[in-house]
Amino acid sequence: MYTLHVDRVYIYIYTVYIMEFANYRKQPLFWNGMVMAVLTVAILPLLFLDTRTLLGTSVWTKPLKFTLSVGLYSFTTVWVIFTFLKDWKHQQKIQMVLTVTSAIEIFFITLQAARGEASHFNITTTWNQIVYSVMGTSISIFWVFHLWIGYQIFKKESIFQSVKESLVWGLGIAGFAMIIAFFMTSPRPDQMESIKQGIFQASGTHNFGTGDPGKGIIFFGWSTKIGDMRVPHFFGMHVMQIFVFLAAFLMGKRNSIQNLLLVRTTGIVLLLMNVVMVIQTLNGESVFYINPVYTSIYGISIVIVFLCLFKLVIQPKIFSHEATV
């Protein structure tokens, strides 16, 4: 009896974990995430060994932020595709496009950091203009294929509705956060005047408003004095991970109307919160500035989201396994 039990446990572990990991190893986005993890570890010592700075911070801070962000995106997205879109004939091609376009972004950000040059908004030389254009093109392609994944999830009828909505909200808000980055790339009036005069310095900026942006929040560099579009961009991009984790959690819950409404409320509130962040930033005000209207909206939104997530978490698990794909 004991031997039989051990054998069953071994077979379960092998089929569920070892074979599943072997299948993950065949996914391009999995390896993209692994490469980002290795790059993150490799870049960390450079923060202390290389004393060069750019705009008041280490030249290696930006590559580190991007490898962490892309790695997190890759691991969560490959789980979504592998779990829910395994039978989609284009899923490997989609993963390759996302892997290649994000790799292009990371390559140029890291290369420019090694050169001590800014990768974004930098048009000081022909080379820098090419880098900036290629990065803009690659991330635009990345955005289109990201939305395609969200559309395929939306169309998939076999996924529990609460799980599906969680994934769609996460992918959708991340898509919105990507597109608002284009606010940053548009050249400002003073930059346009300089370009017309043949002076090529910068095209676009993440800062909105006038005055000194200040030192910025540690590591992230976000301004606490004027509008900084990197804040809503980051918020929307990584809200996606919250929804993916929520979808994984809901796979073990009952597929109820209550769960669906709680997920939907969470999605609506977080999207509106992201939109308000963009409006406040465009008005030249930092998201971290205590404004009675905006701060109240953020506070109420956080409370609503917390209550929705709490209601979802305290529900009992189901004991019968149901197919989700």
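## Burial and the model

Buried means under 20% relative accessible area, exposed means over 50%, and partly exposed lies in between (1.4 Å probe, protein chains only). At 13% relative accessibility, Phe 121 is therefore buried.

This is a predicted model, in which local features need pLDDT of at least 70, side-chain atom pairs count only at pLDDT 80 or more, and totals for chains, interfaces and linings use all residues. Residues are numbered from 1 along each chain as its sequence is written, and side-chain values use heavy atoms, with hydrogens and water left out.

## Two helices side by side

Helices (H or I, at least four residues) and strands (E, at least two) are DSSP runs, numbered from the N terminus. Two packed helices are described by the angle between their axes and the distance between the axes. Here axes are lines fitted to C-alpha atoms, for helices over the stretch in contact, and angles run from 0 to 180 degrees between N-to-C directions.

How do the axes of H7 and H11 cross? Helix H7 (residues 161–179) and helix H11 (residues 257–282) have axes that come within 8 Å and cross at roughly 5 degrees. That makes H7 roughly parallel to H11. Angles under 35 degrees count as roughly parallel, over 145 as roughly antiparallel, 65 to 115 as roughly perpendicular and the rest as oblique. Contact means heavy atoms within 4.5 Å. Among the H7 residues in this contact are Ser 166, Trp 169 and Phe 176; those of H11 include Val 263, Arg 264 and Leu 270.

Ser 166 of H7 is buried, at 0% relative accessibility. Its C-alpha atom is separated by 7.6 Å from that of Arg 264, 98 residues apart along the chain. Leaving aside neighbours within four places in sequence, Ser 166 touches Phe 243, Leu 246, Ala 247 and Val 263.

## Nonpolar cores

In soluble globular proteins, nonpolar side chains tend to be buried together. A nonpolar core is a set of buried Ala, Val, Leu, Ile, Met, Phe, Trp, Tyr and Cys residues joined through side-chain atoms within 4.5 Å. The largest core has 50 residues, and Ile 153, Val 163, Leu 167 and Leu 270 touch the most other members. Several helices each supply at least two residues, including H7 and H11. Which helix gives the largest share of this core? H10 does, with 10 residues.

Another core lies apart from this one; its 9 residues include Phe 121, Ala 181, Met 184 and Val 278.

## Aromatic pairs

Rings of Phe, Tyr and Trp (its six-membered ring) pair if their centres lie within 6.5 Å; planes under 30 degrees apart count as stacked, over 60 as edge-to-face and the rest as tilted. The whole structure holds 15 aromatic pairs. Phe 121 and Tyr 132 have ring centres 6.1 Å apart and planes at 75 degrees, so they are edge-to-face. Tyr 132 is buried, at 13%.

Trp 222 and Phe 288 are stacked, 6.2 Å centre to centre with 15 degrees between the planes. They sit 66 residues apart and link distant parts of the chain. Trp 222 is buried at 10%, whereas Phe 288 is partly exposed at 36%.

## Positive phi

Most residues other than glycine have a negative phi. Phe 219 has a positive phi of about 70 degrees. Phe 219 lies in the loop between E3 and E4 and is partly exposed, at 34%. Leu 55 has a positive phi too, near 55 degrees. Leu 55 is exposed, at 80%.
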